[in-house]
Amino acid sequence: MSKSGSEYDVLVVGTGASGMSAAITAAYEGLKVLVVDKASLYGGTTARSGGWLWIPNTKLAKEQGIHEPAGAARAYLQHETTTHFNAERVDAFLENGPKAIDFFTEKTCVQFDMPPVFPDYHAEAPGGQQGGRSMVTRPFDARELGPRIAQLAPPVPELTVFGMMLGSGKELWHFLRAFKSLESFWYVAKRFGGHFADVLRHGRGMTLTNGNALAGRLAKAGMDLKVEVWLDAPVTKLVLENNVVTGAVVVREGKPVEVRVRKGVVLACGGFPYDIERRKQLFPHAPTGKEHFTPSPPLNTGDGLRLGESVGGWVDASIPNAAAWCPTSVTQRKDGSQGVMPHFIDRAKPGVIAITPKGQRFTNEALSYHDFIQDLVKACAGLPEVSCWLICDHKHLREYGLGAVAPFPLPIGKHLRSGYLKRGKSVQELAQSIGVPAKALQEAVQLFNRDAATGKDTQFNKGSTAYNRFQGDSLVAPNPCMAAIEQGPFYALKVVVGEIGTFAGLETNAQCQVLSQHGDAIAGLYAVGNDAASVMGGNYPGAGITLGPALTFGYVAGKALAKQPNLPTAGQPQ
(Lines give C-alpha, C1' and ligand atoms only; values in the text may rest on other atoms or scores of the structure.)
Protein backbone atom coordinates (compact mmCIF):
# COMPACT_ATOMS: atom_id res chain seq x y z
CA MET A 1 0.00 0.00 0.00
CA SER A 2 1.36 3.37 -1.04
CA LYS A 3 2.01 5.96 1.68
CA SER A 4 4.01 8.41 -0.39
CA GLY A 5 2.90 12.03 -0.02
CA SER A 6 -0.18 11.01 1.96
CA GLU A 7 0.11 12.94 5.22
CA TYR A 8 -2.20 15.87 5.86
CA ASP A 9 -3.61 17.76 8.80
CA VAL A 10 -7.19 17.04 7.74
CA LEU A 11 -8.90 14.57 5.41
CA VAL A 12 -12.43 15.53 4.31
CA VAL A 13 -14.56 12.85 2.64
CA GLY A 14 -17.08 14.55 0.33
CA THR A 15 -17.23 17.69 -1.84
CA GLY A 16 -20.70 18.99 -0.92
CA ALA A 17 -21.35 22.13 1.12
CA SER A 18 -20.56 20.63 4.52
CA GLY A 19 -17.29 19.00 3.46
CA MET A 20 -16.08 22.02 1.52
CA SER A 21 -17.06 24.33 4.38
CA ALA A 22 -14.92 22.27 6.77
CA ALA A 23 -12.05 22.12 4.27
CA ILE A 24 -12.11 25.86 3.49
CA THR A 25 -12.32 26.86 7.15
CA ALA A 26 -9.49 24.53 8.14
CA ALA A 27 -7.33 25.68 5.22
CA TYR A 28 -7.95 29.32 6.10
CA GLU A 29 -6.71 28.49 9.60
CA GLY A 30 -3.45 27.27 8.06
CA LEU A 31 -4.03 23.52 7.95
CA LYS A 32 -3.01 21.24 5.08
CA VAL A 33 -6.27 19.76 3.81
CA LEU A 34 -7.14 16.96 1.40
CA VAL A 35 -10.70 16.50 0.12
CA VAL A 36 -11.65 13.20 -1.54
CA ASP A 37 -14.83 12.13 -3.30
CA LYS A 38 -15.70 8.79 -4.89
CA ALA A 39 -17.64 10.59 -7.66
CA SER A 40 -15.95 11.80 -10.82
CA LEU A 41 -17.70 15.17 -10.46
CA TYR A 42 -17.66 17.36 -7.37
CA GLY A 43 -20.55 19.09 -5.59
CA GLY A 44 -22.56 16.17 -4.25
CA THR A 45 -26.19 16.82 -3.33
CA THR A 46 -25.39 20.51 -2.98
CA ALA A 47 -24.89 20.88 -6.73
CA ARG A 48 -28.43 19.55 -7.28
CA SER A 49 -30.08 21.58 -4.53
CA GLY A 50 -31.96 24.85 -4.40
CA GLY A 51 -28.99 26.56 -2.79
CA TRP A 52 -31.03 28.00 0.11
CA LEU A 53 -29.67 28.21 3.66
CA TRP A 54 -31.68 28.70 6.86
CA ILE A 55 -29.65 30.56 9.48
CA PRO A 56 -31.25 32.99 11.96
CA ASN A 57 -29.83 36.32 13.17
CA THR A 58 -27.36 36.97 10.37
CA LYS A 59 -25.91 40.31 9.39
CA LEU A 60 -27.71 39.91 6.06
CA ALA A 61 -31.07 39.91 7.86
CA LYS A 62 -30.15 42.90 10.00
CA GLU A 63 -29.19 44.82 6.86
CA GLN A 64 -32.79 44.21 5.73
CA GLY A 65 -34.00 45.72 8.99
CA ILE A 66 -34.98 42.31 10.42
CA HIS A 67 -34.04 42.02 14.09
CA GLU A 68 -35.36 38.92 15.83
CA PRO A 69 -36.56 38.87 19.43
CA ALA A 70 -33.97 37.34 21.74
CA GLY A 71 -34.45 33.58 22.02
CA ALA A 72 -37.01 33.36 19.21
CA ALA A 73 -34.96 31.04 17.00
CA ARG A 74 -34.18 28.71 19.89
CA ALA A 75 -37.85 28.60 20.91
CA TYR A 76 -38.81 27.82 17.32
CA LEU A 77 -36.31 24.96 17.05
CA GLN A 78 -37.35 23.57 20.42
CA HIS A 79 -40.94 23.54 19.16
CA GLU A 80 -40.00 22.00 15.81
CA THR A 81 -37.53 19.31 16.94
CA THR A 82 -39.95 17.84 19.51
CA THR A 83 -38.52 14.56 20.87
CA HIS A 84 -35.03 15.12 19.43
CA PHE A 85 -34.21 18.61 20.65
CA ASN A 86 -30.47 18.64 21.34
CA ALA A 87 -29.81 21.85 23.25
CA GLU A 88 -26.02 21.66 22.94
CA ARG A 89 -26.05 21.28 19.15
CA VAL A 90 -28.92 23.73 18.59
CA ASP A 91 -27.07 26.37 20.60
CA ALA A 92 -23.87 25.68 18.65
CA PHE A 93 -25.78 26.10 15.39
CA LEU A 94 -27.46 29.34 16.43
CA GLU A 95 -24.22 30.79 17.78
CA ASN A 96 -22.00 29.80 14.88
CA GLY A 97 -24.39 30.17 11.95
CA PRO A 98 -24.05 33.98 11.74
CA LYS A 99 -20.28 33.64 12.26
CA ALA A 100 -20.05 31.17 9.39
CA ILE A 101 -21.94 33.51 7.07
CA ASP A 102 -19.68 36.41 8.07
CA PHE A 103 -16.59 34.30 7.47
CA PHE A 104 -17.62 33.12 4.02
CA THR A 105 -19.01 36.43 2.78
CA GLU A 106 -16.08 38.49 4.11
CA LYS A 107 -13.15 36.13 3.50
CA THR A 108 -14.17 34.11 0.41
CA CYS A 109 -16.13 34.35 -2.85
CA VAL A 110 -19.13 32.56 -1.28
CA GLN A 111 -21.95 35.13 -1.29
CA PHE A 112 -25.68 35.10 -0.52
CA ASP A 113 -28.80 37.19 -1.09
CA MET A 114 -31.45 37.58 1.60
CA PRO A 115 -35.02 38.18 0.42
CA PRO A 116 -36.89 40.39 2.90
CA VAL A 117 -39.83 37.99 2.97
CA PHE A 118 -39.52 34.21 2.94
CA PRO A 119 -41.55 32.81 5.83
CA ASP A 120 -40.53 29.89 7.99
CA TYR A 121 -42.56 26.84 7.03
CA HIS A 122 -44.42 27.11 10.34
CA ALA A 123 -44.15 30.86 10.82
CA GLU A 124 -47.20 30.89 13.10
CA ALA A 125 -45.51 28.55 15.63
CA PRO A 126 -43.74 29.91 18.74
CA GLY A 127 -40.60 31.74 17.62
CA GLY A 128 -41.49 31.50 13.91
CA GLN A 129 -40.61 34.38 11.59
CA GLN A 130 -42.16 35.90 8.47
CA GLY A 131 -38.71 36.34 6.95
CA GLY A 132 -35.02 36.94 7.59
CA ARG A 133 -33.81 33.38 8.10
CA SER A 134 -33.68 31.88 4.59
CA MET A 135 -31.06 33.12 2.14
CA VAL A 136 -30.10 31.94 -1.33
CA THR A 137 -26.69 31.61 -2.96
CA ARG A 138 -25.89 34.49 -5.31
CA PRO A 139 -25.52 33.47 -9.00
CA PHE A 140 -21.94 32.71 -10.02
CA ASP A 141 -20.00 33.06 -13.26
CA ALA A 142 -18.64 29.58 -14.00
CA ARG A 143 -15.75 31.05 -15.99
CA GLU A 144 -14.10 31.84 -12.65
CA LEU A 145 -13.56 28.10 -12.17
CA GLY A 146 -11.43 27.77 -15.30
CA PRO A 147 -10.96 24.14 -16.39
CA ARG A 148 -12.51 22.86 -13.17
CA ILE A 149 -15.98 23.78 -14.45
CA ALA A 150 -15.86 20.53 -16.44
CA GLN A 151 -15.79 18.60 -13.15
CA LEU A 152 -18.77 20.36 -11.51
CA ALA A 153 -21.80 18.08 -11.12
CA PRO A 154 -24.79 19.39 -13.10
CA PRO A 155 -28.17 20.38 -11.65
CA VAL A 156 -31.15 18.05 -11.89
CA PRO A 157 -32.15 18.21 -15.60
CA GLU A 158 -35.85 18.38 -14.72
CA LEU A 159 -35.18 21.70 -12.95
CA THR A 160 -33.66 23.35 -16.01
CA VAL A 161 -35.12 24.88 -19.19
CA PHE A 162 -33.07 24.01 -22.29
CA GLY A 163 -30.25 23.21 -19.87
CA MET A 164 -30.51 26.63 -18.23
CA MET A 165 -30.69 26.82 -14.45
CA LEU A 166 -33.42 29.11 -13.15
CA GLY A 167 -32.67 31.03 -9.99
CA SER A 168 -35.15 30.63 -7.17
CA GLY A 169 -37.25 33.60 -6.16
CA LYS A 170 -37.36 36.65 -8.43
CA GLU A 171 -35.99 34.91 -11.52
CA LEU A 172 -38.59 32.15 -11.36
CA TRP A 173 -41.24 34.83 -10.83
CA HIS A 174 -40.20 36.50 -14.10
CA PHE A 175 -40.32 33.20 -16.00
CA LEU A 176 -43.85 32.44 -14.80
CA ARG A 177 -44.96 35.90 -15.94
CA ALA A 178 -43.05 36.11 -19.21
CA PHE A 179 -46.27 36.41 -21.24
CA LYS A 180 -48.09 38.63 -18.76
CA SER A 181 -45.55 41.40 -18.27
CA LEU A 182 -43.33 43.23 -20.75
CA GLU A 183 -40.68 43.62 -18.03
CA SER A 184 -40.67 39.87 -17.36
CA PHE A 185 -40.67 39.04 -21.09
CA TRP A 186 -37.61 41.25 -21.62
CA TYR A 187 -35.87 39.70 -18.58
CA VAL A 188 -36.49 36.16 -19.85
CA ALA A 189 -35.44 37.04 -23.40
CA LYS A 190 -32.11 38.45 -22.17
CA ARG A 191 -31.57 35.44 -19.93
CA PHE A 192 -32.14 32.99 -22.78
CA GLY A 193 -29.97 35.06 -25.11
CA GLY A 194 -27.06 34.99 -22.68
CA HIS A 195 -27.49 31.29 -22.03
CA PHE A 196 -27.50 30.26 -25.69
CA ALA A 197 -24.49 32.51 -26.37
CA ASP A 198 -22.61 30.71 -23.58
CA VAL A 199 -23.59 27.30 -24.97
CA LEU A 200 -22.25 28.25 -28.41
CA ARG A 201 -19.03 29.62 -26.94
CA HIS A 202 -18.37 27.25 -24.04
CA GLY A 203 -20.59 24.21 -24.62
CA ARG A 204 -22.73 24.96 -21.56
CA GLY A 205 -24.37 27.80 -19.67
CA MET A 206 -21.97 29.85 -17.57
CA THR A 207 -24.43 31.45 -15.16
CA LEU A 208 -24.67 29.11 -12.17
CA THR A 209 -27.64 29.54 -9.84
CA ASN A 210 -29.09 27.84 -6.78
CA GLY A 211 -27.11 24.86 -5.43
CA ASN A 212 -24.90 24.73 -8.50
CA ALA A 213 -23.78 28.28 -7.69
CA LEU A 214 -23.05 27.26 -4.08
CA ALA A 215 -21.00 24.23 -5.19
CA GLY A 216 -19.14 26.40 -7.70
CA ARG A 217 -18.44 29.18 -5.22
CA LEU A 218 -17.19 26.72 -2.61
CA ALA A 219 -14.94 25.09 -5.21
CA LYS A 220 -13.48 28.48 -6.13
CA ALA A 221 -12.93 29.34 -2.45
CA GLY A 222 -11.11 26.02 -2.00
CA MET A 223 -9.02 26.67 -5.11
CA ASP A 224 -8.04 30.09 -3.77
CA LEU A 225 -6.80 28.42 -0.57
CA LYS A 226 -4.95 25.64 -2.45
CA VAL A 227 -7.16 22.88 -1.02
CA GLU A 228 -6.21 19.61 -2.73
CA VAL A 229 -9.10 17.59 -4.19
CA TRP A 230 -9.06 13.96 -5.38
CA LEU A 231 -12.04 12.77 -7.45
CA ASP A 232 -12.80 9.14 -8.28
CA ALA A 233 -11.26 8.40 -4.89
CA PRO A 234 -13.50 6.33 -2.56
CA VAL A 235 -12.60 5.74 1.08
CA THR A 236 -12.69 2.03 1.90
CA LYS A 237 -11.86 2.10 5.61
CA LEU A 238 -10.82 4.29 8.50
CA VAL A 239 -7.48 3.68 10.20
CA LEU A 240 -8.01 3.19 13.94
CA GLU A 241 -4.99 3.07 16.25
CA ASN A 242 -5.34 2.91 20.04
CA ASN A 243 -8.99 4.06 19.68
CA VAL A 244 -7.92 7.10 17.64
CA VAL A 245 -8.84 7.63 13.97
CA THR A 246 -5.48 8.49 12.44
CA GLY A 247 -6.37 8.33 8.76
CA ALA A 248 -8.17 6.40 6.06
CA VAL A 249 -7.52 4.13 3.12
CA VAL A 250 -8.39 5.92 -0.11
CA VAL A 251 -8.44 4.26 -3.54
CA ARG A 252 -6.70 6.55 -6.01
CA GLU A 253 -6.18 5.59 -9.65
CA GLY A 254 -7.18 2.07 -8.72
CA LYS A 255 -4.62 1.70 -5.93
CA PRO A 256 -5.18 1.92 -2.16
CA VAL A 257 -3.39 4.82 -0.48
CA GLU A 258 -3.20 5.20 3.29
CA VAL A 259 -3.79 8.87 4.07
CA ARG A 260 -2.52 9.83 7.52
CA VAL A 261 -3.88 12.82 9.41
CA ARG A 262 -2.43 14.95 12.16
CA LYS A 263 -5.77 16.47 13.24
CA GLY A 264 -8.69 14.37 12.05
CA VAL A 265 -10.99 12.93 9.40
CA VAL A 266 -14.28 14.63 8.48
CA LEU A 267 -17.10 12.49 7.08
CA ALA A 268 -19.29 14.44 4.65
CA CYS A 269 -20.49 11.75 2.23
CA GLY A 270 -24.07 12.96 1.75
CA GLY A 271 -26.07 10.59 3.92
CA PHE A 272 -27.78 7.42 2.70
CA PRO A 273 -30.44 8.19 0.03
CA TYR A 274 -29.31 5.20 -2.08
CA ASP A 275 -28.64 2.74 0.76
CA ILE A 276 -31.42 0.20 0.15
CA GLU A 277 -30.87 -1.65 3.43
CA ARG A 278 -31.03 1.48 5.57
CA ARG A 279 -34.09 2.63 3.62
CA LYS A 280 -35.77 -0.66 4.56
CA GLN A 281 -34.92 0.00 8.19
CA LEU A 282 -35.89 3.67 8.40
CA PHE A 283 -38.42 4.51 5.63
CA PRO A 284 -41.95 3.35 6.61
CA HIS A 285 -43.25 3.78 3.04
CA ALA A 286 -40.49 1.57 1.58
CA PRO A 287 -40.78 -1.93 3.09
CA THR A 288 -38.33 -3.39 0.55
CA GLY A 289 -36.22 -0.23 0.37
CA LYS A 290 -37.13 0.27 -3.28
CA GLU A 291 -40.46 2.13 -2.99
CA HIS A 292 -38.65 5.46 -2.94
CA PHE A 293 -37.44 7.95 -5.55
CA THR A 294 -34.74 10.53 -4.97
CA PRO A 295 -33.00 13.25 -6.99
CA SER A 296 -29.90 12.82 -4.82
CA PRO A 297 -26.67 11.59 -6.46
CA PRO A 298 -26.76 7.78 -6.95
CA LEU A 299 -23.33 7.41 -5.31
CA ASN A 300 -24.71 8.65 -1.97
CA THR A 301 -24.99 5.11 -0.62
CA GLY A 302 -24.34 5.69 3.07
CA ASP A 303 -20.55 5.29 3.07
CA GLY A 304 -20.03 7.89 5.79
CA LEU A 305 -22.50 6.27 8.16
CA ARG A 306 -20.93 2.83 7.68
CA LEU A 307 -17.42 4.22 8.15
CA GLY A 308 -18.47 5.92 11.37
CA GLU A 309 -20.20 2.80 12.65
CA SER A 310 -17.11 0.72 11.86
CA VAL A 311 -15.15 2.58 14.57
CA GLY A 312 -17.89 2.83 17.19
CA GLY A 313 -20.22 5.59 15.96
CA TRP A 314 -23.98 5.06 15.90
CA VAL A 315 -27.15 6.18 14.12
CA ASP A 316 -30.31 6.88 16.14
CA ALA A 317 -33.12 4.98 14.42
CA SER A 318 -35.80 6.62 16.60
CA ILE A 319 -35.68 9.99 14.81
CA PRO A 320 -39.28 10.96 13.83
CA ASN A 321 -38.42 11.31 10.13
CA ALA A 322 -35.30 9.73 8.69
CA ALA A 323 -35.23 12.06 5.68
CA ALA A 324 -36.41 15.40 4.31
CA TRP A 325 -39.47 14.08 2.52
CA CYS A 326 -40.42 15.52 -0.84
CA PRO A 327 -43.22 14.73 -3.31
CA THR A 328 -41.63 13.56 -6.55
CA SER A 329 -42.77 12.48 -9.99
CA VAL A 330 -40.87 10.08 -12.22
CA THR A 331 -40.04 11.04 -15.81
CA GLN A 332 -38.37 9.33 -18.74
CA ARG A 333 -35.39 11.21 -20.18
CA LYS A 334 -34.35 11.23 -23.83
CA ASP A 335 -31.51 8.81 -23.12
CA GLY A 336 -33.93 6.34 -21.54
CA SER A 337 -32.82 7.02 -17.96
CA GLN A 338 -35.23 7.79 -15.17
CA GLY A 339 -35.62 11.38 -14.02
CA VAL A 340 -36.98 12.43 -10.65
CA MET A 341 -38.82 15.75 -10.41
CA PRO A 342 -39.23 17.28 -6.93
CA HIS A 343 -42.50 19.16 -6.38
CA PHE A 344 -41.61 22.16 -4.25
CA ILE A 345 -44.04 24.94 -5.13
CA ASP A 346 -46.47 23.79 -7.85
CA ARG A 347 -48.86 22.27 -5.29
CA ALA A 348 -49.41 25.69 -3.70
CA LYS A 349 -50.54 27.41 -6.86
CA PRO A 350 -54.26 28.15 -7.33
CA GLY A 351 -56.27 25.57 -9.20
CA VAL A 352 -54.48 22.36 -8.20
CA ILE A 353 -55.49 19.67 -5.70
CA ALA A 354 -53.95 16.37 -4.60
CA ILE A 355 -56.02 13.18 -4.30
CA THR A 356 -55.32 9.67 -3.03
CA PRO A 357 -55.94 6.54 -5.14
CA LYS A 358 -59.42 6.66 -3.59
CA GLY A 359 -60.09 9.96 -5.39
CA GLN A 360 -60.19 12.05 -2.21
CA ARG A 361 -58.24 15.10 -1.06
CA PHE A 362 -56.16 14.38 2.02
CA THR A 363 -54.26 17.54 2.98
CA ASN A 364 -53.52 21.20 2.40
CA GLU A 365 -51.59 21.02 -0.88
CA ALA A 366 -49.64 24.20 -0.05
CA LEU A 367 -47.93 22.69 2.96
CA SER A 368 -44.17 22.28 2.86
CA TYR A 369 -42.99 19.25 0.91
CA HIS A 370 -41.94 17.50 4.13
CA ASP A 371 -45.33 17.97 5.80
CA PHE A 372 -47.21 17.04 2.61
CA ILE A 373 -45.52 13.63 2.45
CA GLN A 374 -46.18 12.89 6.11
CA ASP A 375 -49.89 13.44 5.45
CA LEU A 376 -49.71 11.35 2.29
CA VAL A 377 -48.18 8.38 4.12
CA LYS A 378 -50.98 8.51 6.70
CA ALA A 379 -53.66 8.80 4.00
CA CYS A 380 -52.32 5.75 2.15
CA ALA A 381 -52.09 3.49 5.19
CA GLY A 382 -53.22 0.01 4.16
CA LEU A 383 -53.05 0.76 0.43
CA PRO A 384 -50.66 -1.14 -1.88
CA GLU A 385 -48.71 2.03 -2.74
CA VAL A 386 -48.03 5.40 -1.16
CA SER A 387 -48.89 7.78 -3.99
CA CYS A 388 -51.27 10.52 -5.03
CA TRP A 389 -52.36 12.47 -8.10
CA LEU A 390 -52.10 16.20 -8.68
CA ILE A 391 -55.19 17.43 -10.52
CA CYS A 392 -55.62 20.68 -12.49
CA ASP A 393 -57.41 22.09 -15.53
CA HIS A 394 -56.08 23.35 -18.86
CA LYS A 395 -55.97 27.00 -17.83
CA HIS A 396 -53.87 26.19 -14.77
CA LEU A 397 -51.49 23.87 -16.63
CA ARG A 398 -50.66 26.39 -19.33
CA GLU A 399 -50.32 29.26 -16.88
CA TYR A 400 -48.23 27.62 -14.15
CA GLY A 401 -47.10 24.24 -15.45
CA LEU A 402 -47.08 21.16 -13.21
CA GLY A 403 -44.04 19.13 -12.22
CA ALA A 404 -41.81 18.67 -15.26
CA VAL A 405 -44.54 20.07 -17.53
CA ALA A 406 -43.56 23.65 -18.31
CA PRO A 407 -46.14 26.42 -18.79
CA PHE A 408 -47.06 27.98 -22.14
CA PRO A 409 -45.52 28.32 -24.71
CA LEU A 410 -43.58 25.08 -24.22
CA PRO A 411 -45.43 22.03 -25.61
CA ILE A 412 -46.99 19.29 -23.49
CA GLY A 413 -47.31 16.57 -26.13
CA LYS A 414 -44.22 14.61 -25.12
CA HIS A 415 -45.49 14.33 -21.55
CA LEU A 416 -48.85 13.01 -22.74
CA ARG A 417 -47.18 10.51 -25.06
CA SER A 418 -44.86 9.23 -22.33
CA GLY A 419 -47.73 8.83 -19.86
CA TYR A 420 -46.15 11.25 -17.39
CA LEU A 421 -49.18 13.52 -17.83
CA LYS A 422 -52.70 12.11 -18.01
CA ARG A 423 -55.61 13.94 -19.70
CA GLY A 424 -59.40 13.67 -19.81
CA LYS A 425 -62.01 15.80 -21.57
CA SER A 426 -64.08 15.70 -18.39
CA VAL A 427 -63.32 15.06 -14.72
CA GLN A 428 -65.05 11.67 -15.08
CA GLU A 429 -62.91 10.74 -18.08
CA LEU A 430 -59.78 11.81 -16.21
CA ALA A 431 -60.79 9.61 -13.26
CA GLN A 432 -61.10 6.63 -15.60
CA SER A 433 -57.71 7.43 -17.12
CA ILE A 434 -55.93 7.33 -13.76
CA GLY A 435 -58.01 4.54 -12.18
CA VAL A 436 -59.67 6.42 -9.33
CA PRO A 437 -63.39 6.44 -8.41
CA ALA A 438 -65.05 9.01 -10.69
CA LYS A 439 -67.71 10.00 -8.16
CA ALA A 440 -65.12 10.70 -5.45
CA LEU A 441 -62.98 12.81 -7.77
CA GLN A 442 -65.98 14.77 -9.03
CA GLU A 443 -67.06 15.49 -5.47
CA ALA A 444 -63.53 16.60 -4.51
CA VAL A 445 -63.34 19.00 -7.48
CA GLN A 446 -66.85 20.37 -6.88
CA LEU A 447 -66.18 21.07 -3.20
CA PHE A 448 -62.84 22.72 -3.97
CA ASN A 449 -64.46 24.88 -6.67
CA ARG A 450 -67.21 25.96 -4.27
CA ASP A 451 -64.61 26.94 -1.68
CA ALA A 452 -62.46 28.71 -4.28
CA ALA A 453 -65.30 31.16 -4.90
CA THR A 454 -65.12 32.34 -1.29
CA GLY A 455 -61.37 31.84 -0.85
CA LYS A 456 -61.78 29.61 2.21
CA ASP A 457 -60.82 25.96 1.98
CA THR A 458 -63.32 24.34 4.35
CA GLN A 459 -61.56 20.98 4.21
CA PHE A 460 -57.84 21.66 4.71
CA ASN A 461 -57.32 25.45 4.92
CA LYS A 462 -55.17 25.78 1.81
CA GLY A 463 -53.78 29.31 1.74
CA SER A 464 -54.23 29.88 5.47
CA THR A 465 -50.57 30.34 6.47
CA ALA A 466 -47.83 32.79 5.54
CA TYR A 467 -45.83 30.06 3.83
CA ASN A 468 -48.89 28.85 1.87
CA ARG A 469 -49.57 32.35 0.58
CA PHE A 470 -45.90 33.02 -0.23
CA GLN A 471 -45.83 30.01 -2.56
CA GLY A 472 -49.19 30.83 -4.15
CA ASP A 473 -49.92 33.58 -6.68
CA SER A 474 -50.25 37.00 -5.06
CA LEU A 475 -52.25 38.26 -8.05
CA VAL A 476 -55.08 35.81 -7.32
CA ALA A 477 -57.79 36.92 -4.87
CA PRO A 478 -59.27 36.33 -2.40
CA ASN A 479 -56.93 33.36 -1.81
CA PRO A 480 -53.59 33.15 -3.68
CA CYS A 481 -53.67 29.35 -3.40
CA MET A 482 -57.18 28.68 -4.71
CA ALA A 483 -58.91 28.88 -8.09
CA ALA A 484 -61.67 26.78 -9.64
CA ILE A 485 -60.77 23.64 -11.60
CA GLU A 486 -63.33 23.96 -14.36
CA GLN A 487 -61.82 24.64 -17.78
CA GLY A 488 -61.31 21.32 -19.60
CA PRO A 489 -59.50 19.31 -20.61
CA PHE A 490 -58.34 18.18 -17.20
CA TYR A 491 -54.95 16.78 -16.24
CA ALA A 492 -53.38 14.50 -13.63
CA LEU A 493 -49.81 13.75 -12.66
CA LYS A 494 -48.73 10.93 -10.35
CA VAL A 495 -46.65 11.76 -7.28
CA VAL A 496 -44.68 9.32 -5.13
CA VAL A 497 -42.43 9.62 -2.08
CA GLY A 498 -38.89 10.95 -2.36
CA GLU A 499 -36.53 13.10 -0.33
CA ILE A 500 -33.99 15.87 -0.77
CA GLY A 501 -31.55 14.54 1.80
CA THR A 502 -31.47 12.17 4.75
CA PHE A 503 -31.83 13.23 8.39
CA ALA A 504 -30.77 10.11 10.30
CA GLY A 505 -27.01 10.26 10.70
CA LEU A 506 -24.13 9.72 13.07
CA GLU A 507 -24.59 11.21 16.51
CA THR A 508 -22.17 14.08 17.10
CA ASN A 509 -21.45 16.68 19.75
CA ALA A 510 -21.38 20.46 19.40
CA GLN A 511 -17.84 20.30 17.96
CA CYS A 512 -18.99 17.80 15.29
CA GLN A 513 -17.03 14.92 16.85
CA VAL A 514 -18.64 11.53 16.22
CA LEU A 515 -19.95 9.96 19.43
CA SER A 516 -20.08 6.37 20.57
CA GLN A 517 -23.33 4.96 21.91
CA HIS A 518 -21.99 5.74 25.38
CA GLY A 519 -21.68 9.42 24.48
CA ASP A 520 -17.88 9.48 24.24
CA ALA A 521 -16.19 11.39 21.42
CA ILE A 522 -14.24 9.18 18.98
CA ALA A 523 -10.86 10.89 18.79
CA GLY A 524 -9.93 12.08 15.31
CA LEU A 525 -13.38 11.59 13.73
CA TYR A 526 -15.90 14.28 12.77
CA ALA A 527 -19.16 14.18 10.79
CA VAL A 528 -21.02 17.03 9.12
CA GLY A 529 -23.85 17.53 6.64
CA ASN A 530 -26.15 14.56 6.07
CA ASP A 531 -23.61 12.17 7.60
CA ALA A 532 -24.43 13.75 10.97
CA ALA A 533 -27.82 13.47 12.67
CA SER A 534 -29.93 16.46 11.68
CA VAL A 535 -29.93 19.26 14.24
CA MET A 536 -33.58 19.76 13.20
CA GLY A 537 -34.58 16.52 14.93
CA GLY A 538 -36.16 14.95 11.87
CA ASN A 539 -38.42 17.89 11.01
CA TYR A 540 -38.30 20.68 8.42
CA PRO A 541 -38.79 24.18 9.88
CA GLY A 542 -37.85 26.33 6.87
CA ALA A 543 -36.19 26.70 3.49
CA GLY A 544 -32.53 25.72 3.74
CA ILE A 545 -32.49 23.73 6.98
CA THR A 546 -30.11 21.22 5.38
CA LEU A 547 -27.57 23.58 3.81
CA GLY A 548 -27.68 26.12 6.66
CA PRO A 549 -26.47 23.59 9.25
CA ALA A 550 -24.17 22.01 6.62
CA LEU A 551 -22.26 25.24 6.09
CA THR A 552 -22.38 26.10 9.79
CA PHE A 553 -21.18 22.78 11.18
CA GLY A 554 -18.55 22.51 8.44
CA TYR A 555 -17.27 25.84 9.73
CA VAL A 556 -17.48 24.58 13.33
CA ALA A 557 -15.54 21.42 12.45
CA GLY A 558 -12.86 23.40 10.61
CA LYS A 559 -12.41 25.70 13.60
CA ALA A 560 -12.33 22.77 16.03
CA LEU A 561 -9.72 20.95 13.95
CA ALA A 562 -7.51 24.03 13.89
CA LYS A 563 -7.53 24.12 17.70
CA GLN A 564 -7.09 20.35 18.01
CA PRO A 565 -3.62 19.23 19.17
CA ASN A 566 -1.94 16.76 16.85
CA LEU A 567 -3.31 13.26 17.29
CA PRO A 568 -1.09 10.75 19.07
CA THR A 569 0.48 8.30 16.65
CA ALA A 570 0.45 4.56 17.13
CA GLY A 571 2.32 3.49 20.21
CA GLN A 572 2.38 6.92 21.84
CA PRO A 573 0.63 7.49 25.17
CA GLN A 574 -2.77 9.20 24.86
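Guide: The largest cavity has a volume of about 130 Å³. A cavity here is a set of points on a 1 Å grid over the protein atoms alone, where a 1.4 Å probe fits but cannot get out. Points are joined across faces, edges and corners, and the volume is the space filled by probe spheres set on them. By this rule there is one cavity of 30 Å³ or more.

This is a predicted model: local features need pLDDT of at least 70, side-chain atom pairs count only at pLDDT 80 or more, and totals for chains, interfaces and linings use all residues. Numbering starts from 1 along each chain as its sequence is written, and side-chain values use heavy atoms, without hydrogens and water.

The largest cavity is lined by 15 residues, each with an atom within 4 Å of a point. Nearest its centre lie Gly529, Asn530, Ser534, Val535 and Pro549. Helix α16 (residues 547-563) gives the largest share of this lining, three residues. Helices are DSSP runs (H or I, at least four residues), numbered from the N terminus; strands are E runs of at least two.

By type, the lining has nine nonpolar residues, five polar and one charged. Ala, Val, Leu, Ile, Met, Phe, Trp, Tyr, Cys and Pro count as nonpolar; Asp, Glu, Lys and Arg as charged; the others, Gly among them, as polar.

Of its 574 residues, 59% count as buried, meaning under 20% relative accessible area with a 1.4 Å probe, protein chains only. The C-alpha trace spans about 80 × 55 × 50 Å along its principal axes.

How values were computed:
On a 1 Å grid over the protein atoms alone, a cavity is a set of points where a 1.4 Å probe fits but cannot get out, and a pocket is an open set with protein on both sides within 12 Å along at least five of seven lines; lining residues have an atom within 4 Å of a point. Buried means under 20% relative accessible area, exposed over 50%, partly exposed in between (1.4 Å probe, protein chains only).
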